Amino acid sequence: MAIGAIDRFEIASATQLFYFAKALLFDSQQRRTQPATERNSGLQQQSIDEVRCLLCLAHFATWHGNPSVKSEACVLQSLLVQALRLSGLEEETVQDQQEVSWQQWSQHESERRTKLLAFCFLGVQSLAYDTPPSVWCDEINLQLPCSCPEWTAPNEATWNVLRQNTHGEQGRFRETLSILMSSVTPVDHSTATPTPVGNYVLIHGLLQKILWTPRLLSSDPLLGSTASDYQSLFEIALHKWTSFWQQTPESNLEPLDPNGPLPYTSTALLSLAYVRNCFDISRARKIFTWSPAQIARALQTSPPVERKWSTLLAAYHATNLLATLVNLGVQYVKQNQSILWSIEATLCGLDCSIFLEKWLRRVQDTMHDTPLTDHEVRLVDWIQEVVHEGLSSANDCSFDSFTRSAISPDQIITVWSQIMQGNSPFQFIRMISEVLVEYGQLLAGSQ
């Protein structure tokens, strides 16, 4: 109810409901007085129920602007991780589908999705505040979620028909992630059809690998590998993941798709993954300060972007993310941010906008000494087209839509800041939008 209230901008009511729900949860935990054997037999179900409740509470507290509510986030995260581990992150061998009833199957599938989505939320927390993951990929060996038609089957008869036509069970998270990370094992598309939730969980897994593998390698020279050794491997993994996304029947770039926004959100995370694979500014962002001016200054002083193949790939995907939003309409996205926008989209927008601005600036600064490649020429032309359309859509009075003059890198930030300055009920999203405004002002003042 607290999440529903804040989505309707009823901040005071949402905060009250948050504290009521938290009190009820803690009271329920303290009132467990049944004998040990009985408690142990129901422990897993209790843990799943707690995971669901704590997931909502932690989500509410983490992105809330009230300092007293935000201070609850660390405790709730710790409790969520504890409940998640108690619920079980390993899955037993799946029973023959003929032996499982619809009720049993739906309960297992619901629990599986709860655990995987909790893992994703913890990943977003780690991504936002640059903290080590609370749950590592290697801890999870759950089966990936089922197809959309199976999950939305209205009755048991329909479900049975769909199950009979299913081409095998979904793979396990850890095994599938290993296939994506392997340079020799190809993707087998003859098995179960990829799903939106499965793709979403896998891109979170890949992001965790991309963000933390270089740090783990740098902390232990005895491992004998460097971050650059893994960069091309991660590019292969992201390319394989893209083939999964393309094979998924529900995949599209519509945030308001009836099947949900996960396909779009997953592609935004894909763009972020390509950016982070070659340009990590997470330590410089200082998002934990919640100070737009301080974050903007830190971003401005971050290193320039090199011109190489990996940054070209990242710039392409960053442009694709911006183009998707511009095609929807900058004003449309801005005015409907509360239903179109998410925390993940905000984080992706921040990193991709800063990266693309720095990449284009680097290209323009070095193009006289190092001529542009054919790929760079085409990408720069595309960026020009997207930004021109974005400025026009944003009703920017300083921009003449009838002239096609060369754009400046600063105008990328102008378009992104227009997109971000919407009507989200979450203070975190509004804070990040202020970061881009401050960053744009710093760029203008430095020229």
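Which residues lie nearest the centre of the largest pocket? In this predicted model, they are H59, Y200, P261, S342 and E344. The lining as a whole comprises 33 residues. The space within the largest pocket amounts to about 1000 Å³.

At least two lining residues come from each of α1 (2–7), α4 (43–62), α7 (102–129), α11 (196–219), α13, α18 (337–340) and α19 (343–366). Helix α7 gives the largest share, with five residues. By class, 23 residues of the lining are nonpolar. Seven are polar and three are charged.

Helix α13, one of the contributors to the pocket lining, also packs against another helix. Two packed helices are described by the angle between their axes and the distance between the axes. Helix α13 spans residues 262–278, and its partner α16 spans residues 309–328. Their axes come within 8 Å and cross at roughly 150°. Angles over 145 degrees count as roughly antiparallel. The two helices, α13 and α16, are therefore roughly antiparallel to each other. Their crossing is left-handed.

The contact draws on residues from both helices. On the α13 side, Y264, A268, L270, S271, Y274, V275 and C278 take part. They meet S310, T311, L313, A314, H317, A318, L321, T324 and L325 of α16. Eleven residues in this contact are nonpolar and five are polar. No charged residue takes part in the contact of α13 with α16, whereas the lining of the largest pocket includes three.

Conventions
Residues are numbered from 1 along each chain as its sequence is written. This is a predicted model: local features need pLDDT of at least 70, side-chain atom pairs count only at pLDDT 80 or more; totals for chains, interfaces and linings use all residues. Side-chain values use heavy atoms; hydrogens and water are left out. Axes are lines fitted to C-alpha atoms, for helices over the stretch in contact, and angles run from 0 to 180 degrees between N-to-C directions. Helices (H or I, at least four residues) and strands (E, at least two) are DSSP runs, numbered from the N terminus. Angles under 35 degrees count as roughly parallel, over 145 as roughly antiparallel, 65 to 115 as roughly perpendicular and the rest as oblique. A crossing is left-handed if the near helix is turned anticlockwise from the far one by less than a right angle, and right-handed if clockwise. Contact means heavy atoms within 4.5 Å. Ala, Val, Leu, Ile, Met, Phe, Trp, Tyr, Cys and Pro count as nonpolar, Asp, Glu, Lys and Arg as charged, and the others, Gly among them, as polar. On a 1 Å grid over the protein atoms alone, a cavity is a set of points where a 1.4 Å probe fits but cannot get out, and a pocket is an open set with protein on both sides within 12 Å along at least five of seven lines; lining residues have an atom within 4 Å of a point. Grid points are joined across faces, edges and corners, and a volume is the space filled by probe spheres set on the points.
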